[in-house]
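Me: I would like to go through this model term by term, asking what each label rests on. Please set the values against the cut-offs as we go.

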Amino acid sequence: MSKPLMAETHTHKPNGGPAVAGAVVLGVETSCDDTAAALVRRRPDGSAEILSNAVWTDHDDHAAFGGVVPEIAARSHVERLDHVIARALDEAGMAVADIDAVAATAGPGLIGGVMVGLTAGKAIAMAGAVPLIPVNHLEGHALTVRMTDRAQFPFLLLLISGGHTQLLWVRGLGDYRRLGATIDDAAGEAFDKTAKLLGLGQPGGPRVESAATGGRADRYDLPEPLKTRAGCDFSFSGLKTAVREIAERMADETGRMAGQDVADLAASFQHAAARHLAQRTGNAMDAASVEDGAGRLVVAGGVAANCAIKSMLSSLCECKGWRLIAPPAKYCTDNAAMIAWAGAERLAAGMAPDFDDALAFAPRARWPLAPPPEGRAIGGGRKGPKA
Ligand code: KG4
Ligand code: ZN
């Protein structure tokens, strides 16, 4: 199949390279349990207009199993994606004919879900004869602040989600250097497991955060992971074990902790997790060189919605004379606006793949943004070894 014709709104860069300005991009996100679609316009000056942002999440689907079940998630995406895309179009007051390009998450994530979203993206791009951009979900998180806050490159990125915890230098579009990552669990995974141990249900992160309100963060003495080890790697498994031991020790006759004890342990865990994230991020800041373009710290991913973590990072930045940039909470957790935006950035930069290559693009369960630093092992996590 030949490359589709560019829509009328497309313009060309003065240097003659094919580029698109003022493009409306449909984003599709299905890499975990959220079924999401959004329409985002990237204006010629690089600013964003989020025309719609539809997300369908049903934690009840997975509640009985204590976590996301890949097969259930994939089936839900099949059933819901059409409706979610229709809602995104409707909210924006647009039709498929108004879309200049389609961007779909092509990985990393649960493979069944990624297949559903990417296949739908391919079908819409073919039907509308518009470009298709397969997007790395992590790049979606990484570039969100350029959509919400017009953040400029380069910046230090702390990416904290349910499947990933890493520190990267983001030097430009598609130009990422990894400084460190978790050697065991991801930060979000630790929040989810803590919620389970405290009987708070899922999604764990927001439940732990609200349980921690009114709790005493200094009540339980939790370990400081990797305290004696320099560098930018993370570890959450020791914290998780410590929380489990306390929860077992403090359990009442029903086998669970209750009342103020829950609030205090949630607050103590949240504080310890925030302290660890800030400590490792501080190491990365201290190692930043002039050419890294020091001065901007971006936090992204679902866990970046946590106010205690943002406040600890904000103090760190104040101490070091840096600026903290965090997207609004609804663009921290999985959404399709960030996928549409990553696609729009690639399109505008002339980095969208040839149409035939995009159609042939295979979904990826694993897709690192950048390789690990020399000699460093890749850590594990809920979705297997982490990117
Ligand atoms: O980015 P995301 O929506 O999905 C992945 O790409 O993994 O992140 C989901 C993770 C979950 O582990 C969830 O518990 C956590 O982000 N999370 C939070 C908060 N909101 C979501 N963790 C701590 N505090 C929150 N407020
Ligand atoms: Zn995510």
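Me: Let us begin with the pocket: how much space lies in the second largest pocket, and which residues are closest to its centre?

Reply: This is a predicted model, and in it the second largest pocket holds about 170 Å³ of space. Of the 14 residues that line this pocket, P134, N136, E139, R346 and W367 are the closest to its centre. Strand β5 (residues 132–136) gives the most to the lining, with four residues.

Me: How do the residues of that lining divide into nonpolar, polar and charged?

Reply: Ten residues of the lining are nonpolar, two are polar and two are charged.

Me: Why is R207 called partly exposed?

Reply: The relative accessible area of R207 is 36%. Buried would require under 20% and exposed over 50%, and because 36% falls in between, R207 is partly exposed. R207 has its place in helix α6. Once its neighbours within four places in sequence are left aside, R207 is in contact with L200, G201 and Q202. Between R207 and F191, which are 16 residues apart in sequence, the C-alpha to C-alpha separation is 8.9 Å.

Me: What makes α5 a mostly covered helix, and what covers its buried residues?

Reply: Eight of the eleven residues of α5 are buried, namely A187, G188, E189, A190, F191, D192, T194 and A195. Since buried means under 20% relative accessible area, each of these eight residues is below that cut-off. The elements that cover them include β6, β7, α6, α7, α8 and α9. Just after α5, G199 takes a positive phi of about 70°.

Me: Which residues have the most contacts inside the largest nonpolar core, and which element gives the largest share of this core?

Reply: The largest nonpolar core has 49 residues, and those with the most contacts inside it are L156, L158, I160 and F269. The largest share, twelve residues, comes from α8. Apart from this core lies another, of 37 residues, among them A142, M147, L168 and A337. In soluble globular proteins, nonpolar side chains tend to be buried together.

Me: How do you know that L156 is in contact with parts of the chain beyond its own neighbours in sequence?

Reply: Contact means heavy atoms within 4.5 Å. With neighbours within four places in sequence left aside, the residues in contact with L156 include L167, W169, L179, T281, M285, V298 and W322. For the protein chain, 72% of the contacts between residues at least 6 apart in sequence join residues at least 24 apart.

Note on methods:
Residues are numbered from 1 along each chain as its sequence is written. Chains are lettered from A and ligands numbered from 1 in the order in which they are written. This is a predicted model: local features need pLDDT of at least 70, side-chain atom pairs count only at pLDDT 80 or more; totals for chains, interfaces and linings use all residues. Side-chain values use heavy atoms; hydrogens and water are left out. On a 1 Å grid over the protein atoms alone, a cavity is a set of points where a 1.4 Å probe fits but cannot get out, and a pocket is an open set with protein on both sides within 12 Å along at least five of seven lines; lining residues have an atom within 4 Å of a point. Grid points are joined across faces, edges and corners, and a volume is the space filled by probe spheres set on the points. Helices (H or I, at least four residues) and strands (E, at least two) are DSSP runs, numbered from the N terminus. Ala, Val, Leu, Ile, Met, Phe, Trp, Tyr, Cys and Pro count as nonpolar, Asp, Glu, Lys and Arg as charged, and the others, Gly among them, as polar. A nonpolar core is a set of buried Ala, Val, Leu, Ile, Met, Phe, Trp, Tyr and Cys residues joined through side-chain atoms within 4.5 Å. Buried means under 20% relative accessible area, exposed over 50%, partly exposed in between (1.4 Å probe, protein chains only).
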